[in-house]
Amino acid sequence: MDDQHEDKAKEHVEDSLEQVMLLIARQKLVESLVHKQDMPRHELVETLVHKQNLAELTHKLDEMHPADVAYVLEALPLEDRLLVWDLVKAERDGEILLEVSDAVRETLIEAMNNRELVAAAASLDTDEIADLAPDLPKDVVQELMKSLDHAKRLQVESSLSYDEDSVGALMDYDFVTIRCDVTLETGLRYLRMLGDLPPQTDKLFVVERDGRLLGTLPLKRLLVHDPEAHVAAVMSDEPVTFHPSDEASDAAQAFERYDLVTAPVVDAKERLVGRLTVDVVLDYIRAESESDLLQAAGLREEEDLFTTVWKAAKNRWLWLGINLVTALIASRVVGLFEGSIEKLAALAALMPIVAGMGGNSGNQTSTLVVRGFALGLINKDNSKRLLAKELGISVLNGAVWGSIMGVVAYLLYRDAPLGGVTAMALGAVMAAAMMLNLIVAALAGYFAPAVIDRFGRDPAFGSAVLTTFITDSMGFFIFLGLATVFLL
């Protein structure tokens, strides 16, 4: 059922995008035809047609959820994107800016003046303002802070003071507290008096007068227990809590492990200072996953699909340059054995297979290790066991696939002129080289992300590139070296 709902949601947003693009295309076509017509009061007619087309497009955008509008903006070229952005109602600007990617947000902010930016940000909650503030011009942030009331300004300043990958940067301040010495009936009356609850509220936070957290009261307990019972009797007194300085990645793992919807954030004295919600955690996980994918592909930062050629090229230069250096090194390894390749041309045909198998095997290990570091599953106690397991897998795969390739090499070259070299010997060298390179691949796939993590960087950052470089270079060296020693 969940898959069906996801498919329907995807179809809905894709249909919305198609309709918006159709309306834009129709507007351009109609206005182009009107512009070419020779008629009385031409400018008035052209203006009326333009307004009519925009009205239909505006109506469509007003019906869409902010997240769907953000999806549409992501998929449109810059000119059409700015046209749609101008038609979005001003009161929804802030919500949509939060939904789009950083790269697209930059183009939208550039198209807004200071007054519009302040109005868009001021309509958001405290934690949302803190999310948006780093992308705003400094003078806009200063003007925005002046426009906030004292309490809200302090909360924004508090959120901005934390590292962007910490719980403090993700928490919000919109929560409901209750005392432990009141009855559940009193709590229910209090909730009815509030009239509305903060989004994602599945529990109330039980606090003392000084704000120290005592526990949590899940709403389901509030509803099903005796109304005359006291909160202290039915509350959970060992809730999962976080501190503002905790790593956001650790909190995300805890939310997944304990199936949390909300969780309290407390200071060093266990006083309640905020809460963390599942929607914010999911956004963080998605952003981190996208960042890892980009870094693994050698992109320094998120890239707008329709950015300028110059910006896109600069974003890709770093790892292209690194790849060029590694490719040159690998080519020099092959160059060391030019004489061997001239004597036995079959080596040139077979060596990419050894390197390719090593690269694939190494990236499998690297992906597993990166995931282990990301989830906090790898530590000093189990790292050696993990390495031994990966080496065991490489030996087994090397024996199986090396033997297969040894037989394939023999069958391919048993009738070919090999200058005195037997096809059996060539197959044996092929099998041995593949075995050894898969072992190297396991070592590279483990140590590349481990070393990057040791230096305090994201293990996904460049581990695939480094692993592939090692397995390619060593694959060429091992195969050609063994061939030179034993065949020539």
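Where is Gln200 found? Gln200 sits in the loop between helix 12 (184-194) and strand 2 (203-207); helices here are DSSP runs of H or I with at least four residues, strands are runs of E with at least two, and both are numbered from the N terminus.

Two remarks on how to read the values. This is a predicted model, so local features need pLDDT of at least 70 and side-chain atom pairs count only at pLDDT 80 or more, while totals for chains, interfaces and linings use all residues. Residues are numbered from 1 along each chain as its sequence is written, and side-chain values use heavy atoms, with hydrogens and water left out.

Gln200 is not a glycine, yet its phi is positive, about 65°. Its relative accessible area is 32%, so Gln200 is partly exposed. On that scale, buried means under 20% relative accessible area, exposed means over 50%, and partly exposed is in between, with a 1.4 Å probe and protein chains only.

Glu270 is another residue other than glycine with a positive phi, near 65°. Glu270 belongs to the loop between strand 4 (262-266) and strand 5 (272-277), and at 33% relative accessibility it counts as partly exposed.

Asp267 pairs with Arg271, with the closest N and O atoms 3.0 Å apart. The rule is a side-chain nitrogen of Lys or Arg within 4 Å of a carboxyl oxygen of Asp or Glu, and by this rule the count comes to 14 salt bridges. Asp267 is buried at 16% relative accessible area, whereas Arg271 is partly exposed at 34%.

Salt bridges that share partners also join Asp102, Arg105 and Asp135 into one network. Arg105 bridges to Asp102, with the closest N and O atoms 2.9 Å apart. Those two are three residues apart in helix 6 (residues 102-110), so about one helical turn separates them. Arg105 also bridges to Asp135, and here the closest N and O atoms are 2.6 Å apart. Because Arg105 lies in helix 6 and Asp135 in the loop between helix 8 and helix 9, this pair ties together parts that are 30 residues apart in sequence. Is Arg105 buried or exposed? Arg105 is buried, at 7% relative accessible area. Asp102 is partly exposed at 45%, and Asp135 is partly exposed at 34%.

Ala133 is also in the loop between helix 8 (126-132) and helix 9 (138-147). Ala133 is buried, with a relative accessible area of 6%. Leaving aside neighbours within four places in sequence, Ala133 is in contact with Val141 and Leu160, where contact means heavy atoms within 4.5 Å.

Next, a helix pair. The axes of helix 19 (residues 346-374) and helix 22 (residues 463-486) come within 8 Å and cross at roughly 145°. The axes are lines fitted to C-alpha atoms over the stretch in contact, and angles run from 0 to 180 degrees between N-to-C directions. Among the residues that meet are Gly358, Gly359 and Gly362 in helix 19, and Gly475, Phe476 and Phe479 in helix 22.

Last, Leu396 lies in helix 20 (residues 383-413). Its relative accessibility is 55%, so Leu396 counts as exposed.
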